[in-house]
Every structure is written in structure tokens, then in C-alpha cells.
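User: Hello! I am new to this structure, and I would like to understand how its descriptions come about. Could you take me through some of them?

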Amino acid sequence: KRGRVLILAPLAVAPQTVAEAARFGVDIAYRRWDAGDLITVTNYEMMDAFDLNAFTGVVLDESSILKSFNGATRNAIVGGFKNTPFRLAATATPAPNDFTELGNHSEFLGVKSRVEMLAEYFVHDGGSTSDCRLKGHPGKAFGKCIATWRAVVRRPIDIGYDDDAYGINGKTCGV
């Protein structure tokens with residue numbers, strides 16, 4: 001209701017997103033270019049075919065695409081949506097093993113840059129720049145920080161909806 005939304009997804013997932021949305025009565029168009037739809041899903045490779053400033057919201061499906069800290073796609077996503085008011089990064093990996101990936105998610109969401117997050121909460125462990133460990137004293141502060149922008153949702157009831165309405169009957173969704 002506040003503007004247009006772009007959903008970026010892996011190529012094989014984009015048509016599935018349209019089908020799932022239709023099950024819930026939500027109209028989503030799968031496009032490889034911008035046709036002015038209210039909600040559009042496209043694959044990451046087609047992002048250049050869209051004016052990213054035309055969207056009020058963006059959803060990254062399989063946001064692990066942000067893992068590479070210096071990748072061209074990561075940089076295009078973080079830079080292209082830095083002024084987008086509504087941003088959601090969705091991943092099936094609720095606790096990435098890589099602190100740089102957490103930092104990239106933080107940067108995409110506009111919380112802290114990857115460099116700021118790593119400098120504040122982590123120390124390099126050994127000669128490799130990718131090997132980090134949590135500093136001893138800010139452990140609780142780090143947990144509080146990520147709790148302000150990160151959530152793990154396993155079932156509809158986790159966010160206030162009835163599991164039975166979705167045919168789950170108290171079971172964890174696919175877990």
C-alpha cells in the first residue's frame with residue numbers, strides 16, 4: 001500500500017514464488033524487465049533491467065547471495081537498495097556460519113556496515129582476514145544488536161498466526 005515491491009530470487013525460485021502467492025490471493029508478476037507491477041519477482045541476474053529507485057520495498061529470497069563480501073552482485077544489491085525504506089533478507093540459513101555474511105546482511109538492512117560490525121564485535125583470528133572470532137567483552141552487545149534486525153521464523157505461530165490455518169497442525173514447517 002506504500003509503494004511497489006521487488007522480490008529478487010534465484011532463477012528456479014521466481015516462478016514458484018508467483019505460484020505460492022496465488023495460493024494466498026496475492027498478485028505477483030514474474031518479469032525480466034520493469035512493467036510497473038505492484039509486486040514483481042525476478043531473478044538476481046535481471047536486477048539491472050529495473051530502476052531500483054522505483055521500489056519502496058525489496059525482498060531477497062535466498063539472501064545468502066550476500067555471502068561474498070566483495071562480489072559484484074553483493075555490491076549491486078547493497079548499493080542499489082541503500083535508500084529503499086523496506087528491506088527483507090530471507091534465508092533458510094538462520095544462523096550463517098560466516099560472520100562476514102552477517103555483516104553483509106546488516107549492511108544491506110542499513111543497520112551497520114560489514115566493516116563496522118566486524119570491527120566492533122570481532123577480532124581477526126590468525127593470518128586469514130576471513131577468520132574472525134567474537135571478542136570476549138561485547139558478546140551480549142552483539143546478541144542484542146542482531147536481535148534488533150534479525151528474526152527466526154519456523155512456523156506461522158512464531159509471528160502471531162494460527163498454524164492450523166496453514167495446514168501445519170502444530171508441526172514445524174519443513175524442519
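Analyst: Here are some questions and answers about this protein. It is a predicted model, where local features need pLDDT of at least 70, side-chain atom pairs count only at pLDDT 80 or more, and totals for chains, interfaces and linings use all residues. Residues are numbered from 1 along each chain as its sequence is written, and side-chain values use heavy atoms, with hydrogens and water left out.

User: Which helices and strands are there, and how many?

Analyst: The protein has five helices and seven strands. Both are DSSP runs numbered from the N terminus: helices are H or I with at least four residues, strands are E with at least two. Along the sequence the pattern reads β-α-β-β-β-α-β-α-α-β-β-α.

User: What makes strand S2 and strand S5 edge strands?

Analyst: Five strands form an open sheet in the order S2-S3-S1-S4-S5, with parallel pairing. Strand S2 (29–30) and strand S5 (86–90) each pair on one side only, and these are the edge strands.

User: Why is helix H3 described as largely enclosed?

Analyst: Eight of the 10 residues of H3 (residues 99–108) are buried, so the rest of the structure largely encloses this helix. Buried means under 20% relative accessible area, exposed means over 50%, and partly exposed is in between (1.4 Å probe, protein chains only). Among the buried residues of H3 are Leu102, His105 and Phe108. For the protein as a whole, 35% of the 175 residues count as buried.

User: Why is Arg155 called buried, and what does its side chain contact?

Analyst: Arg155 is in the segment after H5. Its relative accessible area is 19%, so Arg155 counts as buried. The Arg155 side chain makes a polar contact with the side chain of Asp163 at 2.6 Å. A polar contact is a pair of N or O atoms within 3.5 Å; within protein, one must be able to donate a hydrogen and the other to accept it, and residues adjacent in sequence count only if both atoms are side-chain atoms.

User: Is Val153 buried, exposed or partly exposed, and why?

Analyst: Val153 has 45% relative accessibility, so it counts as partly exposed. Val153 also lies in the segment after helix H5 (139–147).

Definitions and conventions
Pairing = 2+ DSSP bridges.
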